[in-house]
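Subject: Structure handover

Hello,

Here is the structure for your files. My notes on it follow below.

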Amino acid sequence: MTARLLTGTADAATDRTVVGENLSLPLFRTLSGVLAGHPYLKVVVDRAEDTWHLLDTAAHPFHVDYVATRVLGMELAALDAELDAFNASVYMDPDRRFLLGVLSLHTDRDAEDRERTFLVLETTEADTMSGELLTFFYEFVRERVDGRLPVLLKPANHGQEEELAAISDRLVPRVLSHELFGTRTRTPLNPGEATGRLRFFRTNEEYAAAGTAPGWADIVAMPCLPDDIPRVAGFLNTAPITPLSHTNVLASGWGIPNAIVRDLEQLVEKDGLDGAWVRYRVGEDEIRLERLEQEPVLRAPAWHQQRIRLEPPLLEDTPVLSLHRLRAADSDRYGTKAANLGELHHVLDSRTADLTAFYGRPRPPREDLYGHLATRLGLDAPTTPELRATAADFVSSTVAAPEGVALPFALQQHFLASSPAIQQGIGKLKMALELDATEVLDPLCLQLQQLIRHTPVPESVTRRISQAFPAPPAAQGRLVVRSSSNAEDLPGFSAAGVYDSVTTVHGTAELLDAVRQVWASLVSPRSVRLRHQVGISLDDTYMGVIIQEYVPASLGGVLVTCDPTRREDFRNVYLNCSPGSPERVVEGTVLPQQYLYNTVEGGGRTVALGSWGDGLPAATRARLADLSLTGRLLQSHFSAADVDQPLDIEWLMTERGDFRLVQIRPYAL
């Protein structure tokens with residue numbers, strides 16, 4: 001077919017879309033846009049006409065709009081009215097007329113270290129092309145691209161990977177997502193912009209040996225930022241890290257830019273950036289680091305004036321309770337973490353909560369996403385009560401809440417009041433905070449922590465802790481002791497990784513030591529400074545404690561009910577995991593496997609394999625898809641004030657293959 005320029009429509013003067021023309025690199029660059037740092041071009045294959053359309057990215061941001069209005073002659077309003085059905089016809093119908101995809105341009109180094117340019121063809125993540133259709137799509141495009149440009153097919157989801165498994169990679173050369181992006185030199189983690197002084201450390205030892213701690217005007221760059229880093233202007237990681245690490249959760253909560261820049265050392269040496277004033281910007285598609293010629297005039301950041309208000313804690317004599325007896329409103333006596341786990345027990349046991357509200361929110365031009373949820377749950381045109389009941393049953397059958405007990409603030413208060421030395425230490429610390437005597441805060445905090453860890457626990461407190469268990473702790477085996485403060489998991493103050501948990505506890509003596517360690521973490525230098533910066537008074541801050549039996553895990557990790565690097569994405573849930581305990585993921589001791597699961601149209605894809613060479617089996621990935629959908633449904637209840645507020649969920653898979661949720665809290669955006 002002869003190539004032609006599309007004309008006769010609204011944007012004809014600037015629309016450079018072509019039909020039927022073979023693709024050269026100059027033509028690609030003429031039509032392409034940029035996404036995640038890579039030039040890309042939308043393509044539409046019309047099987048009925050045996051031709052393809054190369055879309056001008058600037059003129060046509062959406063495939064389906066182009067196909068409907070420019071090829072089929074539909075009005076945009078008509079398309080909007082039946083958008084989901086139209087999407088199904090082009091992304092899921094096995095006999096579809098149109099094949100929609102994207103060609104992106106990449107470079108790497110060949111075996112002789114020469115730069116190689118190649119194209120990658122992929123579909124949308126919701127596309128359900130069979131192996132036969134994927135082969136046809138690839139061959140159609142390959143025949144029409146300049147033969148000097150290699151073309152690889154990238155399966156867009158796990159379903160496509162499985163379809164291609166039976167097809168020779170000689171027939172369809174391919175690259176997997178984690179192979180393409182797992183070694184990216186630069187990766188955005190948390191968007192934002194900051195002006196500050198760059199402090200570059202080649203090793204963690206260099207950071208520890210630095211003479212002065214980073215300040216609010218510093219942008220800190222190093223291989224892996226420590227969890228106890230103070231509040232600064234920006235983060236730069238020079239080694240790979242997951243978007244769900246503690247430091248990136250902090251970056252998100254603090255609203256500061258964070259990115260992976262693996263070639264930063266070369267940039268620092270080339271431009272003399274260490275110690276220089278820079279302007280640093282992280283966006284979804286680019287990372288910029290610009291040296292400033294002179295020191296800027298900086299005003300103290302807005303968080304210096306930020307004030308977080310706590311509900312007054314209730315310190316009257318309160319019993320030690322099993323987690324399943326708590327509700328969300330008990331956070332003023334047992335802490336946010338314990339209260340959320342109690343609320344989770346209630347949701348799973350009662351099955352009365354509406355877990356569909358997220359899908360009921362309008363997503364223009366859609367009135368709601370109830371139809372998509374019904375499909376995910378295997379329902380055909382359910383009534384509203386049927387949809388809600390099925391969602392509740394699905395969640396209750398997929399996950400369980402941990403068993404355990406919660407120690408109230410009152411026990412900590414009894415313990416602190418039992419020691420005059422501790423009371424004197426608290427008084428000195430309060431005075432230093434009132435006088436803003438920051439130079440003496442750290443030694444005062446460390447002294448007070450030492451006192452708390454070594455002061456005997458009163459018999460009355462010991463008895464109440466011991467009576468919470470039906471058998472002595474030694475007979476129960478290993479226990480896990482977790483923090484549950486009233487100054488964490490708050491809007492504007494997440495405190496991720498700030499307080500202590502102890503995961504290897506055996507016997508009564510170790511249990512009491514662990515409880516005191518958790519109590520002492522409330523007055524660590526870092527936690528005191530962070531709270532003081534946002535106006536949280538030491539008088540209002542208390543620590544509850546969660547005690548649970550240790551459950552061996554075959555798999556564990558963290559999921560957030562959003563894509564942390566694409567804030568406008570309402571479809572995907574981001575999940576990290578590694579064999580064993582989820583603490584290995586959040587502490588950054590391993591690089592986890594990373595997955596994205598679409599909770600609207602369905603499907604999932606592997607983002608990175610982390611420290612492991614192989615991905616998870618297909619059956620396990622399918623289970624993780626159920627877990628991701630469960631997280632999205634729970635968002636409807638736990639984010640009731642704003643159902644678009646994502647959750648941060650820590651989970652594990654037991655050796656029997658059951659899921660347990662061990663923590664649930666808001667994810668700061």
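Leaving aside its neighbours within four places in sequence, which residues is Ser524 in contact with? They are Cys445 and Gln449, where contact means heavy atoms within 4.5 Å.

Before the rest, two remarks on the source. This is a predicted model, in which local features need pLDDT of at least 70 and side-chain atom pairs count only at pLDDT 80 or more, while totals for chains, interfaces and linings use all residues. Residues are numbered from 1 along each chain as its sequence is written, and side-chain values use heavy atoms, with hydrogens and water left out.

Ser524 sits in the loop between H21 and helix H22 (525-533). Helices (H or I, at least four residues) and strands (E, at least two) are DSSP runs, numbered from the N terminus. Ser524 has a relative accessible area of 11% and is therefore buried. On this scale buried means under 20% relative accessible area, exposed over 50%, and partly exposed in between, with a 1.4 Å probe and protein chains only.

Helix pairs

Axes are lines fitted to C-alpha atoms, for helices over the stretch in contact, and angles run from 0 to 180 degrees between N-to-C directions. Angles under 35 degrees count as roughly parallel, over 145 as roughly antiparallel, 65 to 115 as roughly perpendicular, and the rest as oblique. For the residue classes, Ala, Val, Leu, Ile, Met, Phe, Trp, Tyr, Cys and Pro count as nonpolar, Asp, Glu, Lys and Arg as charged, and the others, Gly among them, as polar.

1. H17 and H18. The axes of helix H17 (residues 420-434) and helix H18 (residues 441-454) come within 10 Å and cross at roughly 160 degrees, which makes H17 roughly antiparallel to H18. The crossing of H17 and H18 is left-handed, a term used if the near helix is turned anticlockwise from the far one by less than a right angle (right-handed if clockwise). On the H17 side, the contact is made by Ala421, Ile422, Gly425, Ile426, Lys428, Leu429, Ala432 and Leu433. On the H18 side, the residues are Leu441, Leu444, Cys445, Leu448, Leu451 and Ile452. By class, the contact of H17 with H18 holds twelve nonpolar residues, one polar and one charged.

2. H19 and H21. Helix H19 (residues 459-466) packs on helix H21 (residues 507-520) at an angle of about 110 degrees, with the axes 11 Å apart, so H19 is roughly perpendicular to H21. Val461, Thr462, Ile465 and Ser466 of H19 make the contact with Thr508, Leu511, Leu512 and Trp519 of H21. In the contact of H19 with H21, five residues are nonpolar, three polar and none charged.

3. H2 and H4. Helix H2 (residues 63-71) and helix H4 (residues 83-91) have axes 11 Å apart and pack at about 95 degrees, so H2 and H4 are roughly perpendicular to each other. From H2, His63, Val64, Val67 and Ala68 meet Leu83, Phe86, Asn87, Val90 and Tyr91 of H4. The contact of H2 with H4 divides into seven nonpolar, two polar and no charged residues.

Cysteines

How many disulfides does a search of the whole structure find? It finds zero, a disulfide being a pair of cysteine sulfur atoms within 2.5 Å. Cys224 is in no disulfide, and the nearest cysteine sulfur, that of Cys577, is 19 Å away. Cys224 is partly exposed because its relative accessibility is 32%. Cys562 is buried, at 7% relative accessible area.

Loops and backbone

- The peptide bond from Pro364 to Pro365 is cis, with omega near 5 degrees; Pro365 lies in the loop between helix H13 (357-360) and helix H14 (370-376).
- Asp50 is not a glycine, but its phi is positive, near 55 degrees. Asp50 is in the loop between strand E4 (38-46) and strand E5 (51-54) and is exposed at 51% relative accessibility.
- Arg351 is also not a glycine and has a positive phi of about 55 degrees. Its place is in the loop between helix H12 (336-350) and H13, and Arg351 is partly exposed at 41%.
- Asp436, in the loop between H17 and H18, is partly exposed, with a relative accessible area of 48%.

Regards
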